[in-house]
Amino acid sequence: MTSLASAPMGSAVERLRAGVEELSQRDQRVARFCIDHAEEVPFLSAGELAGRLGISGAAITRFSQRIGYDGYPHFQKTVRHDLRATLGLKQPGPQNAVVADFWASERANLESLAALPEQQLLPFAQAIAQARRVWIVGARSSYGLALMAEALLSSFRPRVEAHSADLLLSRPEQFLELTAEDAVLVYTMRRYSRATTQVVTALHERGVTVLLLTDQGASPLGKLARHCLRLPTQGSEAAASVAPFVSITSLMIVLVARAWKGDHFKQTEALKAEFGVYEY
């Protein structure tokens, strides 16, 4: 049995990285996959992982036991726990510091956001502008961000739809609506939704361009995305900040509006006036 099995328990991936050379050639293949794709492990069954590597499910079970776990579910649970530990959220502090800490965190996040290079931002916006159709997908709290983005973006370009990842899973026939000419704009933050991962993986397999807005953790969708923006979300209390997501969405809409030269906006404003949508 490998000495990994008796090594001090800590981060599962760190233990693998430190002891990978001790393993057999086949176990090294499994270990290196888990090291390079740690964020995917919580979403892959033993059979799915085995299929990715071209080995048997029993080989995954034996690998997990040889490195010191009861089986693959135990190893998977440990990796999931390690990833969750990177959240960095704080417990509530003294009442007199809450407001000041909140604004300090927000300022720090936005200052970090302003440092994103233009060469990352422009291709992201261009992909939104050029797609035949744009789906905006999120789950749970991220679905609220998707709805906001749909409401704003639909004024500046046509064929924009927000979808809950959880609801899409119940009606997968909707995936047939998108092709390689389309894009999916994804909002996801830790803790990463299994539904979002499943939906976006299925759309990626159909050739749909994946545009990912996520936090600075290890999103399982990072390797699928054509363009990925990792945003600072440090909160001063127990909730992560969503201000960077709102700000970057507003910036993307400005860039898309410029690409469309305001033509769609003029048409939508004329219709809103015709139907008396606004009081003034």
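A salt bridge is a side-chain nitrogen of Lys or Arg within 4 Å of a carboxyl oxygen of Asp or Glu. Keep that in mind, and look at arginine 32 and glutamate 21, whose side chains meet in a salt bridge at 3.0 Å, N to O. Arginine 32 sits in helix H2 and glutamate 21 in the loop between H1 and H2, so this pair ties together parts that are eleven residues apart in sequence. Helices here are DSSP runs of H or I with at least four residues, strands are runs of E with at least two, and both are numbered from the N terminus.

Before going further, a word on what you're looking at. This is a predicted model, in which local features need pLDDT of at least 70 and side-chain atom pairs count only at pLDDT 80 or more, while totals for chains, interfaces and linings use all residues. Residues are numbered from 1 along each chain as its sequence is written, and side-chain values use heavy atoms, with hydrogens and water left out.

Now zoom out. The protein chain has twelve helices and five strands, and its C-alpha atoms fill a box of roughly 75 × 55 × 35 Å along the principal axes. Of its 280 residues, 46% count as buried. Buried means under 20% relative accessible area, exposed means over 50%, and partly exposed is in between (1.4 Å probe, protein chains only).

Let's go back to that pair at the start of the chain. Arginine 32 is partly exposed, with a relative accessible area of 35%, whereas glutamate 21 is exposed at 60%. What about the helices around them? Two packed helices are described by the angle between their axes and the distance between the axes. Axes are lines fitted to C-alpha atoms, for helices over the stretch in contact, and angles run from 0 to 180 degrees between N-to-C directions. For H1 (residues 12-19) and H2 (residues 25-36), the axes come within 9 Å and cross at roughly 135°. H1 and H2 are therefore oblique to each other. Angles under 35 degrees count as roughly parallel, over 145 as roughly antiparallel, 65 to 115 as roughly perpendicular, and the rest as oblique. H1 passes H2 in a left-handed crossing; a crossing gets that label if the near helix is turned anticlockwise from the far one by less than a right angle, and is right-handed if clockwise.

How many salt bridges does the structure hold? There are nine. One of them joins glutamate 177 to arginine 133, with the closest N and O atoms 3.2 Å apart. Glutamate 177 lies in the loop between helix H9 (165-170) and strand S3 (183-188), and arginine 133 in the loop between helix H7 (118-130) and S1, so the pair ties together parts that are 44 residues apart in sequence. Glutamate 177 counts as partly exposed at 35% relative accessibility, while arginine 133 counts as buried at 18%.

The loop between H9 and S3 also holds leucine 176, which counts as exposed at 60% relative accessibility. Leucine 176 and leucine 16 are 160 residues apart in sequence and 40 Å apart in space, C-alpha to C-alpha.

Arginine 140 has a phi near 55°, a positive value in a residue other than glycine. You'll find arginine 140 in the loop between strand S1 (134-138) and helix H8 (141-153), exposed at 74% relative accessible area. Arginine 159 also has a phi near 55°. Arginine 159 is in the loop between H8 and strand S2 (160-164), and is partly exposed at 43%.

Finally, head to helix H12. Lysine 272 and glutamate 269 meet there in a salt bridge of 3.7 Å, N to O. Being three residues apart in H12, lysine 272 and glutamate 269 are separated by about one helical turn. Glutamate 269 counts as partly exposed at 32% relative accessibility. Tyrosine 278 lies in the segment after H12 (263-274), and is exposed with a relative accessible area of 54%.
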